[in-house]
Structure formats: C-alpha cells, structure tokens
Amino acid sequence: MPKATVFEFTSYALEPGSGRILFSYKTEFENGEPMVFNEIIVLPKSVKLQSIRKELLEKLLQGLHIALGLSYYKFYYATNLKLPYKLSDREAGFWNAVYKKGLGEFLFRNNLDPELLPTFTGDPTVKNTSYDLPKTGKSLVGIGGGKDSIVSLELLKEAGFDADTFHVETGRPSSIIDNVIKTATSKEVKLQRFMDSKVHDQHQYNGHIPISAIYAFLGIFAAIGGGYSYVVVSNEYSSNFGNTTYKGLEINHQWSKSFEFEKLFQDYVKNVISPDVVYFSLLRSFYEIRIVKLFSKHLPAQAGKKYFRLFSSCNRNFASDRRSLGEGVPPWCGRCAKCVFAFTLLSAFVPKKELTAIFGRNLYQKEELLPLFKDVLGFGDMKPFDCVGTFAESQSALYLAKKPFSGDFIVRQLASQAQYYPEVFQAYPENAIPEQFKFLGMEKAYILGYGKEGKITKRYLQKRYPKLKIGVGDEAIDKQYLEKQKEFDIAIKTPGIKKELVTIPHTTATNIFFSEVLGRNLIIGVTGSKGKSTTSSLIYHILKAAGKDVELLGNIGKPMLEALLRPIPRGRMYVLELSSYQLDDIRFSPDIAVVTNLFPEHLDFHGSLENYYDAKKNIINYQNKNQYLVHDQKTAEWLKDYQGQSVEFSPKDYESNLLGPHNKHNIGAAVTVAEVLKVPQEKIKKAIKSFKGLPHRLELAGEYKGIKFYDDAISTTPDSTIMALNSLSNIGTIFLGGTDRGYDFTQLEKELKKHKIKNIVLFPDSGNRINVSPRDFNILKTDSMKEAVKFAYKYTKPEEICLLSCASPSYSLWKNFEVKGDLFKKLAKELGK
C-alpha cells in the first residue's frame, strides 16, 4: 500500500441557483497516483444563500470544507495537510482539537500514533472577524430519529418556543426521521449529503469519525441561511465520559457530543462566524436515564408515547445494510450495544408488554446477548465503542426493572450485581444552555434567598412554569438550606448569595430578565461603587420628562421580574441599577452600560479587589459593536479589546438640587446617556433642575435648634464619606462606623482633620479601628442612635451640620442603611422639639 504524504482540501464550489455545494479533496502518495474525493451538499430552498454576506459565507464554506474532510482524510492518514485558504490561530487550534480528539477512536482501533497526526497551522496575520446577524429567537432542532431529539423538540414546543427541525439525509431518505418529524408536525429543514462513491471501497484505514461535528457545522449553516438564532442538539451529560486511554489520549466514542466539543464549537462560532447564533445541547444537564424518564413518563400530553413505535437509536437503521432488518420489522436490530443500552434504560419506566412491542422482542430473554449486556453494565471488559451511557445509569435502570422482568434470563444473571445510583437522576451544572431555556426538563426549582426578589421570583416561576415544583431556601428559614440543593434540579440564586455556594445548575433573576427582554426592548444598565442609584434615577427622570415610556428596576428596590408578571409593552425602555452582586454571574450586557466610578467595596463578598472589578466589568463583557459604554476617564483601561462604542463623560455643572462634586459627576453620566438617545438639551436641563434627589443620599433631614441634619446613610465606604465631606461645609459632628469590612480609614482620618470636625460618634465594629485621638476630637463610642443624636445636640453649634455618613455598612446594628437613615431622621426631629 503506497504511503500517503499529503491530504489536500482542494476546493469548494457553490451553485447558488441549485443550492448545491461541491467539496473536493485529494490524497497524494509517495509512489502512486493521487486519489480524488468529491462530496455534494444540497441545501433546501429555505436556506437562502443570497441573504448571507459574502465574507460570512466564505467562512461557513471553509469550516464545512474542513469538517467534511474528516470522512476522507481517515482512509490513508496522510502526514501533511494542505489548504487553499489561511486560518487564524483560533481556527487552527479548534481544528487541531477536532481532528485529534474526534479521531481518537479511529487512532486507537487502527493502532496509529496520535503524535504523528498532522496539524493545522494558524497565520498570525489572519484576524478573527465574526458577523452580526438579526436575532429572531427562533430555534432549529437537530432530529436524528432517537428519543433525545424528540424530548428536546417537545420541551421547546410545550414552553412556547418557536422551533423547527433540521436533519441531514446521507445518500437516501430515512423513514424513521421522516415519520418522527411528521408526527411532531414541525417545519422541516432537510440538508442532503452525497458522499463520494469511493467511501464504499477498500482503503488502508477505516473507522469512526466525529460525525456530530459535521452535523454541527451543517446546522449552523442552515440556521444562518434560514434566520434562526439557536441550533439545538440533544447531547446528554453521559457523553462526557470516555471509553479508554490510548497513548496518553482519552478515547471517547462520543467526543463530538461531549461538553468539551460543545464549548469549543460555541467559541468558534462566536468568534469566527457570528455571536448571534448559538449552538447548544438542551439536555446537557441530564444523564441519559433522566432523558429516558422524560421521554417515557413526563412529556406533555403523552407526547412520548405517540413516538414509541417510530423512534430508534439503533445505528443499523441509518447504515447501508438497513435492508437486512427486513420490511415491517421494528426499527431495532436487537443485536448492537445501542439496542441493549436503550432497552435497559427503557425497561425502568416502560411496561414489559409495551417495551417488547417497541423492540419486537424481549432482549432480556436473549441468552446470546449476555456478553453485550455485561459490557454495557460494566461487568465486562470495556465500555462499548458506541453511543451508550455510563455503567451507573445502566445498572440503575436494571435495578429498577428487576421486579417486572424478574423471570427473564439477563435479569436472572445480572440484576443481583446491579446497584442503584441516585446521582444519575440529578441535574448537573456543567452546561452552556442559554438562560431562557434552562428550566426546560426541570422538575424542581430552588429559590436561594427569600427576600423581596425571592418572593417575586416565586410568583414569576409559578406563572411561567406552572408544572414546576418550587422550594425556598433562606438562612432565616433554615440554617442548613444550602445542603438541600441536591434535592432540586435548578436554583435561582438571589444576589446576596455567593455563586461558589451553588452546587446545582442555576440562574438568577437578572439573567432571566435579560433573556426575555434584551433584543426586544432597550436596556440601560447602571453600575459603579457609588452614585449608581442617583444616576439611574436621574436617567429615568430625564427620559420620563422627555416623554419616553420607561421603567426603573433593579438594585434600586424594584425587582426586575416584577415587570415580567405582565406583558412587556413594545418600545418601553428599562433603566436598571446593577450591583456587583447582580453582575457577578450575569450572562448578558445592556444596550447602554453606564459605569459611574470604581473604588474598593464589598471585598468580603468578592474575596479580592480584582474579583470585585471583574464583576463590575461583566456589564460590558457581552456587548457588541452596536452597544454603548458610558464611562469616565478612570475606567478607560476597560477599552482594551472592547467591542462596543465608547462614550466618555465628564462632570456637568447644571442647575440642580444635588449637592457636591460627585453629583456633578453623576449628572454628567446621566446627561451623556440622554444625549446618546437624542434627548434635546432643553429637556435634559429642565429635568435635572426638577430632580429632587434620593433619600439617604446627602438628604437634608431637617433643621432643628439651628443645626442642619444631613442623612447620608448610603455612604458605606471611606471614599463615599470623603465625597460627602467635600460636598458640605461647616460640619460640626459626624457619625462613623458599622460593619467591619476591613477598609483602610487612613485617608478619611486625614480628611476629618482637614475639615476641622470636632465631634465624632463611633459605632461598632469598624468604629473601633478609626484612628482618632481624644486630643483632637470630642468622641462618643456607642451602639445607640438615640445616644448619638443626643450627643450631636449637646455639642454641635447652631448653623453647623450634623452628618450621618458612616463609611461602613449598617448590618452590625441595623437591617440596612435605610433603617439606619430613617431612625436618624426620626430621632433628630423628636429630640429637636
């Protein structure tokens, strides 16, 4: 046999009128004539090639060219590759992974050295350019004729998602797939694949290729040409586990169905093709046995049972020897590992008579299948090289089926060895499912944190997913609430709970809101260490005064999901105040992101200043070139590799009721947002003038006995208290201290002397660390607000100011800053009579 030296991806040619694409390849040999392979892909009329811009179409064709080449490269294992186009480093890295890991089983079975596999080479001059596409929200579901894709399609339909089907017809029609799609009554997008006839000849090597990778590329092609935003596949958690290890390489028959491939392909599509079409597995959180349970028991309106006599997971149905099964015979060969695995899992949930009818025989009675059952159950030599699940789920199914099938040969031989593994029925967090699809297939949801947002979240879930069983976990209800997560499928985490504490699949109310609203309505998101409440409220006030339909939500005190309890009006804008807690695990960015300022805060929650700033930066990490970042000069470093449009703001000296330089900064941010939205200047100025400010933010609580009492309870860091000192003059008394988050008070201590403040109240715990001397200040240490206000009346002179601005959070003494501020105002008034 001559030695192959080069495998060449020769060319591709598109015939737009016919929808035919010809892909050509050539293998060259040391001593012999080259061998040429040609493959044709035929696209349906629904895939409109003329709607795809030229540069994007070329990228799609190049990717498909390399993917289809897997089928021909394997025949001779050439030591060099040749391409007619250049690849970026990212593209080359992706294809090296697909060819090496996707061909792992092929290398193992043919005793080939993975290190001799040729590599794709990236060109540093080639830049990755992905292309924006319209976001339709429509899904294209891959159908293979098996139960998994049926489950995905029915779950999407039940939840009201706009979903059509696609499948790849290789050489000849599949009655199984056609009947499944007909029964589903879904629109069909069929791509036809005509492989070179030489694939049936004898070659030097043969074996398994990552066929799901080819289908992934064809699905993306069909989605972009057909106006779909999502390509939905149905690969399970079980596919992540390999069969064996060979020369240091994990061999996984299902690698192109694994989460590793899914993540690699998502990254490739996002950065090379488009960020606006997403490939994902809807069933990634589930073991195969959980999917079988859904199929046989829990699909809507007995949808699973209407497919019982149609579906098949047996590969013989999709191979060239399908005729050997015979006409009128159920679509299961009854001799392969997939038949054995599917029969075993279904036996846990489907009555014996019904299961026997599905397969046309009872496989548990077939003595000749004992070795294969042992391999599938983990009692043999090796997990079969086929798309079968783990030993744990196979044994769990047999354990559940041993009573109804107790008289059958296989059950008598093996059931006593089978163990039950409850973990195979759990949902697992390793998934890339977009937020709006995360509840599909879930039975039990757990709300982590049951304050104001948690209560609204429960109402939303009850309305949106009426069949979902909802549990509530909160420290005030149960100190051990985190340990109960394993009893649920998915958690909805409220902002005050660290994401590291969540051990099951989870989402947040913020992500749910963005998933339903972004792309339909304009979202303005405001964050910053301080000033975000004032800035977001001022933006809302300006837009409202300008006649816009606008709503203010988020950390300001109104949960976002409250807006989803009623229909979303077309054209409404949403202004969201977003805290670092909310941004810590967000998966979206607003259309307009506003960052007021940044300085150290919430370090006890985030663990480090870097983590805190990274959480804040998430507000722009998912933006595209059509979205905006409104920022000041101090956050200019965020602009490196930024994809959107940057608009820098500066302080604005407009006529206003707001005090202090920091509020000029806030006004500057709000004005810039209004200008981006084309609000006329006269309306902006009028709105700013009429804005009254927010409670507890340098709020004049009243003047009593000649003393002005200012409530700045919102200031919970040294930096924000310094801003307050610079906003007021003639401060006689200041209240400081609270929860100790380890802040550095050195600069604040200098500012107290600079402003010549004489009287200081220090609340525990952080008040004990503020270094002020009795030689310089009149000091009261107390945990009583009443004693503090009495102290202020005794020592503050008329025409001076008493300022509540504690430079620390409130939780050591009060529920929150609002409670603290309200108590301060109440006592100032009562004791001033």
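1. Contact here means heavy atoms within 4.5 Å, and helices are DSSP runs (H or I, at least four residues) numbered from the N terminus. The model is predicted, so local features need pLDDT of at least 70 and side-chain atom pairs count only at pLDDT 80 or more, while totals for chains, interfaces and linings use all residues. Residues are numbered from 1 along each chain as its sequence is written, and side-chain values use heavy atoms, with hydrogens and water left out.

2. In helix α12 (residues 352-359), the residues L355, I358 and F359 are buried, that is, under 20% relative accessible area with a 1.4 Å probe and protein chains only. These three lie on the same side of α12 because they cover an arc of only 85° around the axis, the arc being that of the directions from the helix axis to the C-beta atoms. Helix α11 is included in what covers the buried residues of α12, and just after α12, G360 takes a positive phi of about 80°.

3. K383 sits in the loop between α13 (370-377) and α14 (391-401). Leaving aside neighbours within four places in sequence, K383 is in contact with residues including S238, F241, D375 and F391.

Terms used:
Helix = DSSP H or I, 4+ residues; strand = E, 2+ residues; numbered from the N terminus. Buried < 20%, exposed > 50% of the residue type's maximum accessible area, 1.4 Å probe, protein only.
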